[in-house]
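Visitor: I am new to this structure. Could you take me through it step by step?

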Amino acid sequence: MNKLAVIIQLLLPLISAFGSFRGSNRLFLDTAFVSEWKALMPLGIFHGITTNPTLLERADHDCTLTSVQSLILEALSTIGCEEFMCQAWGSDAEEMYQIGMKLSEVDRKRVVVKVPVTMEGTKAASKLINSGVRVCLTACYSSDQAIIAAGLGAEYLAPYLGRMNDAGKDGIEECKRMQDIVDGMGSSTRIIVASIRDVKSMGDLMCHGMDTFTFSPDVARCLFREQLTIDAANDFEAAAKRGGGGM
């Protein structure tokens, strides 16, 4: 047995224990700003990173194959990033399929290709899945669209919680019904809730058994803004310093 194999054998119990503590949940950081990846991925709470053409534009990245493929490589080398989601573009199913194939070829195991849950997007998704590509149907605004994702066998379906609320829908109820639909259909499709504006909404959905979310750096930082915790940590640090506080 070589040295690498020995090291892997020694680490397996630790990896297994870590996975069991985290459970089945998957949290993603929703941004194309590399500086935010470097700042927040080391927290260890995120499973991966999600992007789309709008986020690319905000971060000043070109929406070209060369640019996005380069971004994929950088993301997958970022600490803690197990998956990277990027969106295919195109005016019809064939173009989205070809773009998706090119994007995913960087790393078929870790790249998830997003396509909108339209008729053309679903046709492209079907071809991508049949070609061995991991797929997320995105821009979901109706719980009924979960029927499409489950029927297709997409790995993920991304409903836009905040935008559904903006459109006058009850986003929380729509997301809960999506989960009920995929469960009722016996599907393993994950509902990855996106467009999250606040921590409470995410927590409410978690209380109903939903376990996959993507959210912005601002929402991520809100998780660490409990003043009582900050005050307690400062008190502990002050006491440590009074007691010598050295190594």
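The questions and answers below go from the chain as a whole to its open spaces and a few residues.

Guide: This is a predicted model, in which local features need pLDDT of at least 70, side-chain atom pairs count only at pLDDT 80 or more, and totals for chains, interfaces and linings use all residues. Residues are numbered from 1 along each chain as its sequence is written, and side-chain values use heavy atoms, with hydrogens and water left out.

Visitor: How many helices and strands does the chain have?

Guide: Helices (H or I, at least four residues) and strands (E, at least two) are DSSP runs, numbered from the N terminus. On that count the chain has twelve helices and eight strands.

Visitor: What share of the residues is buried?

Guide: Buried means under 20% relative accessible area, exposed over 50%, and partly exposed in between, with a 1.4 Å probe and protein chains only. The chain has 247 residues. Its C-alpha atoms fill a box of roughly 65 × 55 × 40 Å along the principal axes. The buried share of the residues is 43%.

Visitor: What part of the contacts joins residues 24 or more positions apart?

Guide: A contact means heavy atoms within 4.5 Å. Take the contacts in the chain with a separation of 6 or more. Residues 24 or more positions apart account for 56%.

Visitor: How far apart are the centres of the positive and negative side chains?

Guide: Lys and Arg count as positive, Asp and Glu as negative; His and the chain ends are not counted. Each charge is placed at NZ of Lys, CZ of Arg, CG of Asp or CD of Glu. There are 24 positive and 30 negative side chains, and the centres of the two sets lie 5 Å apart.

Visitor: Which element gives the largest share of the lining of the largest pocket?

Guide: On a 1 Å grid over the protein atoms alone, a pocket is an open set of points with protein on both sides within 12 Å along at least five of seven lines; in a cavity, a 1.4 Å probe fits but cannot get out; lining residues have an atom within 4 Å of a point. The largest pocket has 30 lining residues, with Asp 30, Leu 55, Arg 58, Arg 163 and Ser 195 nearest its centre. Elements that give two or more residues include β3 (83–87), β5 (134–140) and α11 (217–222). The largest share, four residues, comes from α3.

Visitor: What is the volume of the largest cavity?

Guide: Grid points are joined across faces, edges and corners, and a volume is the space filled by probe spheres set on the points. The lining of the largest cavity includes Thr 51, Leu 56, Cys 86 and Trp 89. Both α3 and β3 supply at least two lining residues. The volume is about 30 Å³.

Visitor: Why does Thr 138 count as buried?

Guide: Thr 138 is found in strand β5. Beyond its neighbours within four places in sequence, Thr 138 is in contact with residues including Gln 87, Lys 114 and Tyr 160. Thr 138 counts as buried because its relative accessible area is 1%.

Visitor: Is Glu 36 buried or exposed?

Guide: Glu 36 sits in helix α2 (residues 34–40). Not counting residues up to four places away in sequence, Glu 36 touches Leu 29, Thr 31, Met 41, Pro 217 and Arg 221. With a relative accessible area of 18%, Glu 36 is buried.

Visitor: What is the relative accessible area of Ser 201?

Guide: Ser 201 belongs to helix α10 (residues 199–207). Ser 201 is buried, and its relative accessible area is 15%.
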